[in-house]
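Let's take a walk through a two-part assembly, starting where the parts meet and then heading inside. Keep the viewer open as you read.

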Amino acid sequence: MAEDIYIVSSKLKGPHYVVAREMESRLKSVLPSNFKIRFASVSDEALRINAGPKDYILTIGSQAFADVVENNSTTNLIATLIPRVTYQSLLQANPRKAGRTSAVYIEQPVQRNLELVRIALPGRKPGILLGPQSGALEKQLHRISKELNLPLYLKTLKPNENLVAGLDQVLKNCDVLVAFADHEVSNPGTARHLLLTSYRYGIPVVAYSRAYVRAGALMAVYSTPEQFARQTTELLVRTVQDKGDNVPVPEYPIYFSVDINQNVARSLGIDLESALEIESRLRSMGRAGDE
Amino acid sequence: MGGAFLHSPTVRAGKTLDELPTEDVYFSDIPVVLSVTRLAQPKSDVPAAITVIDRSMIEASGIREIPELMRLVPGFQVGHDYGDLLAPQQTPVTYLGYSDQFSRKMQVLVDGRSVYDPMYGGVRWSELGLLLDDIDRIEVIRGPNAASYGSNAFLGVINIITRDPASATGTTAGVDLSTVGKRLATLRQFGGSENNRYRISASYLEDGPHVGRHDAIQSQTFAYRGVIKLKNEDSIDLHLGLSQGLRQLGNDDPSVVAADTYPWHDGYVNNNYQQIKWTRRPSRNSEYSLQLYHNYGQFDNTYQAYFSGLLSASNASTKTNRWDLEFQHTINPKTEWRWVWGLGARLDEAWGVDWYTSNDWQQNYLYRLFGNGEWRRGEKWTFNFGAMAEHSTVAGTTLSPRVAANYHVNDSDTIRAAVSRGYRNPSVFENFANTTVYLDNVNNPPGIPFTYFYSDGTVNAAKVNNYEVGYLHQARNNRFTLDSRLFLMQFRDTIAYYNDVTAPYTYGNGGEADIYGTEVQGKYRFNSRTSVTTSYAYARHQGWYVSDATTAPATTGSSDQTTPTHTFSLLLDHRFKNQWSAGVFYHYVSNMQWFNGTPLNNGYNIVNVRLGKQFKMGSKPASFEIIGQNLSGEYIDMLNEIRLQRTLYVGVRIPL
């Protein structure tokens with residue numbers, strides 16, 4: 001019986017496109033031929049994909065997931081390139097009636113960022129500045145700090161509190177600034193101020209994307225579109241091959257890369273091993289995060 | 001691949017996605033901020049001995065006069081001078097002594113603008129219009145650095161960097177009071193939009209007098225700094241400021257009758273500056289800048305005094321202008337190479353009717369071309385080589401080269417060796433002095449002319465050769481740094497004045513000195529709350545200077561006593577948990593004597609203890625501090641007549 005896999009993407013270009021293409025070619029080589037991979041045509045009506053409980057919809061990006069989850073409550077649904085908070089909120093607002101649902105989150109497990117700091121910058125105390133809406137992340141950080149026995153300086157801005165003053169306070173009390181993607185604090189709009197100020201304090205920044213490292217962060221751990229494609233394909237295939245009704249648990253990225261800005265490292269007098277060495281040490285630290 | 005993707009329309013899926021984070025932040029492009037040209041050389045590659053005084057050191061030290069902050073730098077001495085015929089009260093800052101009240105051998109910059117006085121040299125610290133609260137950090141290079149900073153970077157360079165307008169927001173009012181007469185009110189504001197930030201500061205100050213003196217000052221200042229961000233990380237940095245006020249002058253109660261008096265009277269100062277710097281960053285690897293600035297200084301001083309028993313009226317007023325234009329280009333063609341080169345032109349001019357026996361402005365034009373290359377060879381070696389060529393219309397052409405090699409023994413340790421030469425061009429006064437006072441001109445005009453300062457215009461640039469070997473240790477975890485060096489500086493053709501046929505103070509090249517020794521600075525951070533910083537210099541001086549050229553041979557004196565053998569500082573900084581902080585500062589200078597100064601046979605000690613608290617008013621930060629200054633007792637650092645007292649100092653900052 002033919003089973004359909006629909007790939008729905010938030011964007012037609014960039015990393016979303018890369019993920020889609022990668023997944024398509026991987027799926028074609030792995031799945032039996034009775035699976036048909038479709039890309040629904042570009043139109044509003046195509047949202048009402050005629051997919052049932054035996055079919056699979058794969059969404060790439062938050063917007064794609066939001067649209068599909070609102071319009072189809074019975075098919076199997078795998079989301080990728082989506083933050084955990086967004087996946088869980090949208091799922092809660094649109095409960096599924098049938099089919100299995102899972103995801104590969106976009107953000108690295110918090111543990112991995114802190115382990116990166118510990119491996120590459122031993123002895124340095126991480127400082128973290130969070131926006132007012134980051135309550136869940138704050139709890140996670142406190143817990144992992146205890147588990148890893150790695151003291152942190154953590155500050156959460158109150159709703160009217162000034163970013164500049166908050167950042168100054170964190171920088172005065174830490175040896176490395178760990179920036180999590182947070183819309184109020186560490187988004188590309190504030191990157192300039194964050195990088196210049198941290199540099200002025202002589203404090204390196206560990207960020208969450210390759211672009212940030214190019215801009216001046218000391219290093220970052222992130223996953224490439226190819227790595228997301230690989231993991232999402234594996235998740236999808238496991239789901240397809242599981243004849244029972246087991247719901248695969250949503251995952252944090254398993255495959256990741258580390259990038260280092262050697263110019264910044266040199267300027268700050270920080271001696272680092274190569275990105276590849278740090279990557280392999282980080283990998284040997286253990287499985288991908290938790291859920 | 002067939003078909004196209006399904007592209008989700010931008011119709012929102014309910015209200016929720018608006019408020020939820022998306023994946024965009026992980027894939028957005030971010031323009032390069034810390035480009036290679038913007039990144040500072042790592043400490044281990046720097047070809048010179050550098051000390052950085054940051055805000056937390058300034059705060060903990062309890063020092064609240066800007067020139068006195070230099071006591072935190074190894075080998076630096078600060079003196080307090082009474083005003084005299086030439087200038088109002090000065091606070092000279094020198095390195096390893098060898099100076100009089102005008103400290104002409106030190107280059108001082110504020111945000112890249114030289115604030116060295118063109119007429120006499122030295123810095124009129126109280127006329128800069130600079131507030132201590134506006135300082136972000138001070139970078140001091142110990143030793144000559146003419147290859148990068150030009151003539152007058154002779155003994156060292158002090159670069160004061162003010163707080164970036166983007167570094168804060170809001171308005172703060174401050175009041176400082178001390179038991180020795182200081183009353184300071186300040187108002188500061190940071191503001192602006194994302195691409196156009198500014199910082200403005202205004203202050204009113206009354207201070208002094210020193211015990212038994214008539215040297216109180218009163219001052220109003222205003223300063224503006226704006227940074228306008230253009231596209232692609234290009235920017236314009238604009239600075240404007242003014243400072244004016246009253247200076248009490250004179251040594252003698254007007255009722256005193258004596259052969260030579262300088263009676264009490266009031267003088268006025270009036271200074272302003274403008275500076276604009278345009279920086280263009282066309283790529284990650286290159287940067288251009290063009291800077292223009294202007295400093296204006298005015299000192300109004302007219303008085304009547306007794307010279308050799310005769311009542312004489314003088315107009316000792318002066319005006320100075322400095323104009324400077326500079327272009328600089330930095331490139332990083334490959335990772336191992338960085339080049340900086342540039343050219344500049346400057347006009348220094350001074351006016352003073354009595355001082356130059358002329359109503360004309362005395363002018364010195366200076367043109368310069370400079371370059372510095374940094375070459376990183378492999379993991380172990382960094383080489384720096386550079387030079388500055390300067391042509392001055394009064395002193396001809398000089399070339400100041402520097403070569404340095406840094407060897408990185410391992411991650412933590414670096415050995416450095418450097419050789420350099422510097423020149424100091426004569427100041428406008430040293431070149432054009434022709435000071436005439438008309439004795440008895442009050443009762444018997446026009447009076448008898450008497451020339452007391454004179455220069456025939458043939459004064460050459462003074463020269464220094466510098467040799468140093470340094471060792472730097474930076475612990476991997478950043479808890480401990482140690483920076484030390486061994487040095488020899490050979491000064492030749494030192495510019496000085498001495499008694500000669502033409503005048504009792506005639507300028508010429510009359511002196512030489514060798515100063516050699518060792519310095520060390522260290523910082524240890526016990527944890528994130530406590531740190532200790534220390535600096536020590538040991539120096540020996542062998543030198544002579546001409547005091548009288550009318551004898552044959554010329555009479556000389558030894559200048560050995562102008563350099564103190566020991567200079568030591570210790571700073572302890574501790575932050576308590578509930579926003580209290582404490583600092584203890586100790587400073588010791590062993591016996592020395594400034595030129596024209598009192599012999600300080602036992603040296604002097606300074607102890608400051610500070611307690612501060614930060615708190616919130618509403619959601620904004622506020623603070624107060626209480627400081628005990630000079631707790632070890634009254635001391636003298638230059639002249640018997642200026643005695644610094646034990647002082648209680650209180651400061652409050654509140655947000656508006």
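This is a predicted model: local features need pLDDT of at least 70, side-chain atom pairs count only at pLDDT 80 or more; totals for chains, interfaces and linings use all residues.

Residues are numbered from 1 along each chain as its sequence is written, chains are lettered from A and ligands numbered from 1 in the order written, and side-chain values use heavy atoms, with hydrogens and water left out.

Start with the interface. Here 52 residues of chain B are in contact with 66 residues of chain A, contact being heavy atoms within 4.5 Å. Together the two chains bury about 5700 Å², and carbon and sulfur atoms give 60% of that; buried area is the accessible area (1.4 Å probe) that two parts lose on being put together, summed over both.

By class, the side of chain B that touches chain A has 24 nonpolar, 12 polar and 16 charged residues; Ala, Val, Leu, Ile, Met, Phe, Trp, Tyr, Cys and Pro count as nonpolar, Asp, Glu, Lys and Arg as charged, and the others, Gly among them, as polar.

Now go inside. The largest nonpolar core has 86 residues, and A:Leu121, A:Leu141 and A:Tyr212 have the most contacts inside it. Such a core is a set of buried Ala, Val, Leu, Ile, Met, Phe, Trp, Tyr and Cys residues joined through side-chain atoms within 4.5 Å, and buried means under 20% relative accessible area (1.4 Å probe, protein chains only). Among the residues that A:Leu141 touches are A:Val110, A:Ile128 and A:Phe180. A second, separate core of 69 residues includes B:Val115 and B:Tyr356.

Helix H2 of chain A (residues 62-71) is largely enclosed by the rest of the structure, because 8 of its 10 residues are buried. A:Phe65 and A:Asp67 are among them. Helices here are DSSP runs (H or I, at least four residues), and strands are too (E, at least two), numbered from the N terminus.

Last stop: B:Gly156, in strand S8 (residues 156-162) of chain B. B:Gly156 counts as buried because its relative accessibility is 0%. Its C-alpha sits 4.8 Å from that of B:Arg142, 14 residues apart along the chain.

Conventions: Buried means under 20% relative accessible area, exposed over 50%, partly exposed in between (1.4 Å probe, protein chains only). Lists of a residue's contacts leave out its neighbours within four places in sequence.
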